[in-house]
Amino acid sequence: MKSKGLMFCMLPGVLVWFGLNPTTLPAAAEEETTNEPDRADQADIEKLLEVIDVDPYEVPPLVLRRDHNYARSAVDVEPFRHVTPFREHFLEQLEYTGPGRAIPEPRDLKTVKIGFIGPIMSTVSVATGGKSHEEALGIAMLRGAQLAIEQANETGGYPERAIPFELVISNDNGLWGASGNEIIKLAYKDKVWAILGTIDGANSHIAIRVALKAEIVMMNSGDTDPTFIETNIPWVFRCIGDDRQMSYLLVDYLYRKLNYTRIGIIRGSNRYGRFGVREILDGARRLGHPIILEMAYQVGGEDFSLQLERLQASNLEAIVHWGNAVEGALIVNQMRAMGMNHPYYACDRCVSNEFLAIAGDNAEGVVCGYPWNPKRQDEDLEVFQKVFRQRFGVEPDTYSAHGYDGMSMLIWAIKTAGLNRAKIRDVLAHRARPHKGVTGVIPLSACLDDLGEVFLARVEDGQWKFYSRQDLDIPQGTIAPRDRVSRKTAEASGE
Amino acid sequence: MNPITCRLGGVMVLLTAFLVGPWTVVRESIAVAPSEPNSPQKTGDRAGAASPAPDLPGMPYVYTKWKQYTTKDGLPNDHIFAVKVDGDRVWVGTEDGLACLDKRTSKIQTWGEEQGLPWRAVGAIDVHPKTGDVWLGLFGGGLARFSGGRFDHWHQLNSGLVNDVVYGVCVENDNIWAATTAGASRYNPVTGEWSIFTEKNAPMEEIWNYGCCYADGLVYLGVWGSGVLEYNIERGTWKDYLDPDGEMEIDLYRDDGIVHVITTGVSYVEKTLWVTTYFGASRYDGRHWRGYFAHESGLPSDFNNAVIGRSANEAWFSTDKGLGVLADFPTDTWVTYTTDHTTHKGKAVVQQGTDVLMVIDTPPNLPHNYVLWVDFDGDDAWVGTSKGLGHAIGRGYYPGLRRPKDALGKNN
């Protein structure tokens with residue numbers, strides 16, 4: 001089985017995963033992980049709860065995760081790799097040092113509210129000025145969250161008080177800033193205990209700024225923008241592999257495995273496209289083969305001839321697309337119609353049935369990064385897929401599955417910590433054992449990002465097939481065993 | 001005369017006051033005992049007992065006399081987002097209401113939504129020097145003016161305010177600037193004109209404004225993800241300050257620009273710009289940058305919520321682990337304030353760079369070590385924390401370092 005857990009135990013950068021007992025990581029990670037706490041896990045959780053039971057002025061003495069390498073970056077794709085930086089960020093877990101742990105639980109609650117924010121209603125797109133385009137993703141995410149809530153309520157809801165969980169749903173309508181108002185409403189008016197969301201990179205950033213000040217957990221299951229987590233906010237978690245991880249794998253595949261040297265990019269002219277290709281651009285340049293040409297297109301457009309003609313004239317070996325599935329499929333169709341037979345690579349948003357339907361035969365051989373393997377043999381995943389189909393009448397996609405996992409993590413944290421936002425944060429941030437979701441094991445980095453294994457998806461016989469790095473024997477650069485600032489010292493000492 | 005405990009080469013030695021002078025800076029940890037026995041944390045107008053600040057040449061001024069205010073003293077909420085001193089009044093923005101502390105009587109008046117405050121969370125405050133109007137940035141509720149006992153309210157649906165989540169507010173001439181989560185708005189209450197600044201008309205790679213300040217014809221915006229923007233009022237032009245390495249996960253060189261683009265606070269005073277981020281802090285004098293990180297300075301933490309400059313050489317940094325005061329820029333001399341609430345003792349650490357010069361025990365100083373805001377009040381300072389308001393009393397305050405000829409008996 002290609003699980004994230006197998007990868008996890010090999011990561012030199014995340015050995016200090018455990019909040020309370022770092023030395024127990026290897027043994028715990030090697031065995032099959034479940035969400036049912038075993039004796040050791042339960043003991044750690046009980047100890048954690050004891051430690052975080054403090055007065056408003058006390059900061060609990062939690063052991064902080066210490067990563068030796070940011071995001072499992074190979075040495076040769078690190079920025080300014082020939083220079084020792086003055087400061088390297090995101091290697092040590094942030095603390096929450098405020099008084100929130102002492103806030104007493106409220107009485108007389110009828111439900112335990114959890115917030116959801118996502119693009120679920122049609123509105124105006126900032127990118128195009130026309131109709132928004134992320135509702136399908138947001139509704140899929142909402143369904144996953146709903147299913148997790150319903151299942152929790154079927155098994156007793158919030159057991160301490162025998163009351164149900166309630167999902168408080170907000171629309172993230174895509175206009176910049178709107179998500180901030182929605183988070184304010186969720187935090188102060190609805191008084192939810194934690195929030196799941198959202199997908200759009202800009203809205204996600206706005207939401208977490210509010211969450212920081214309002215001191216409430218934001219779990220993200222749909223925004224793969226690497227900078228989302230690079231903000232140093234101790235209230236923010238992400239349970240999906242990001243564009244950095246997927247880009248690292250794609251770059252390794254393109255340059256180390258296939259030995260391309262001339263690649264061009266076509267991307268959406270929105271924030272998703274702009275930030276999504278950053279690691280591709282950087283990785284290509286750092287490996288000695290800068291992207292030859294990067295062309296942006298208007299999101300929602302149907303004619304890409306301007307961009308494609310320029311790419312065609314650039315003597316490229318392959319083309320990478322970063323944008324939505326519809327545009328991705330239309331582009332590959334137009335490429336083939338123009339006689340451009342370049343191998344076509346794309347981002348995870350293109351891994352969809354919609355892409356296959358629009359691209360038809362042109363989809364064959366397309367390869368995309370993907371944050372998980374939905375075809376792996378896993379009992380929990382199969383049950384989830386079956387129940388989801390029964391409940392909603394459609395197949396769960398990546399947004400549904402990650403939404404389900406993110407909401408399940410929040411429910412677990414609330415059940416474990418009780419009705420205190422700071423303690424909910426603590427148990428998520430310091431749980432010794434990584435959450436085992438339907439998308440795989442979710443090991444969090446020091447900056448609380450999902451460092452689980454990511455995959456490549458390839459269209460074969462009209463179907464998406466998923467491959468790990470090992471499956472395709474994709475080489476990887478050396479991952480240094482220590483942080484960059486102390487690396488030089490170690491070299492000087494002859495280590 | 002208080003005994004001074006001095007650690008020299010790891011050995012604790014009891015010194016007596018006759019050791020005062022001729023002074024050289026002692027580069028060891030010195031603990032000055034408080035002048036009164038330890039007392040429980042005090043609140044309200046009952047000041048914590050003060051221990052004398054070390055009146056030593058080469059030493060910065062240390063605030064040893066503090067008062068704390070909490071809900072027990074009449075604040076509507078202990079989570080203090082903003083503080084603004086206005087003559088005898090101290091305006092306090094909290095997570096659940098506005099307060100005004102009368103310094104003469106120590107009485108606190110409060111306003112919540114039931115008293116007309118448009119929204120409960122007050123995230124920023126400024127006072128118009130001409131009119132005395134109090135301008136409030138409401139965290140999720142827009143912009144409000146408190147004048148003549150009445151609240152006026154501007155929000156996304158009735159004005160040119162670009163977003164209701166307002167993080168910063170500042171007065172510039174007749175204009176009021178609001179730093180919001182989706183751009184900056186400028187409002188002229190005289191003409192009723194609104195201006196909006198976003199990525200459409202300003203160099204905002206991201207539009208998530210956090211802080212703003214005005215001085216000398218320049219408005220500075222701290223923009224989360226977009227560094228610092230400088231707006232020249234006379235020219236109507238923008239200038240941006242970004243982290244030159246362009247990378248989120250590293251700061252390549254400390255002194256090449258702002259240390260990170262996730263900017264949280266700006267303060268411009270005496271032609272010097274102070275900047276905070278969640279990754280450290282920076283100072284810029286128009287020619288040279290200087291970066292500050294916790295591991296090599298008196299910053300209690302790299303997680304900085306805000307900064308306010310007192311001069312080109314002094315700035316106060318609000319962090320999640322205490323209050324860091326760069327007391328003298330030329331010598332890199334810091335005073336770091338924290339309170340240990342389990343022992344009811346405060347602590348002020350004086351250091352130059354990483355060299356600790358003195359550790360001074362004080363009565364409780366900060367109401368909580370999670371500091372969110374500071375405003376100056378002459379020689380005093382008011383400190384907003386996540387669990388109350390602190391008043392640092394600066395009797396005998398002096399800027400920079402004590403000069404040798406000023407020592408002995410002239411402090412306090």
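User: What volume does the largest pocket have?
Analyst: This is a predicted model, in which local features need pLDDT of at least 70, side-chain atom pairs count only at pLDDT 80 or more, and totals for chains, interfaces and linings use all residues. Residues are numbered from 1 along each chain as its sequence is written, chains are lettered from A and ligands numbered from 1 in the order in which they are written, and side-chain values use heavy atoms, with hydrogens and water left out. On a 1 Å grid over the protein atoms alone, a pocket is an open set of points with protein on both sides within 12 Å along at least five of seven lines, whereas a cavity is a set where a 1.4 Å probe fits but cannot get out. Grid points are joined across faces, edges and corners, and a volume is the space filled by probe spheres set on the points; for the largest pocket this is about 1,200 Å³.

User: Which residues lining the largest pocket are the closest to its centre?
Analyst: Lining residues have an atom within 4 Å of a point. The largest pocket has 45 of them, and the closest to its centre are A:V351, A:S352, A:N353, A:E354 and A:D397.

User: Which element gives the most to the lining of the largest pocket?
Analyst: Helices (H or I, at least four residues) and strands (E, at least two) are DSSP runs, numbered from the N terminus. Elements of chain A that give two or more residues to this lining include α4 (135-154), α14 (398-417) and β15 (463-467). With 5 residues, the one that gives the most is α4(A).

User: Where does the largest pocket lie?
Analyst: Domain bounds come from an automatic or database domain assignment. Both domain 1 (4-242 + 376-447) and domain 2 (244-370 + 458-472) of chain A give residues to the lining, so the largest pocket lies between them.

User: How many residues of the lining of the second largest pocket are charged?
Analyst: The second largest pocket has a volume of about 960 Å³. Ala, Val, Leu, Ile, Met, Phe, Trp, Tyr, Cys and Pro count as nonpolar, Asp, Glu, Lys and Arg as charged, and the others, Gly among them, as polar. Its lining divides into 27 nonpolar, 12 polar and, as charged residues, 7.

User: Which helix gives the largest share of the lining of the largest cavity?
Analyst: About 160 Å³ of space lies in the largest cavity, which is lined by 14 residues. The largest share, 6 residues, comes from chain A, helix α7 (residues 243-257).
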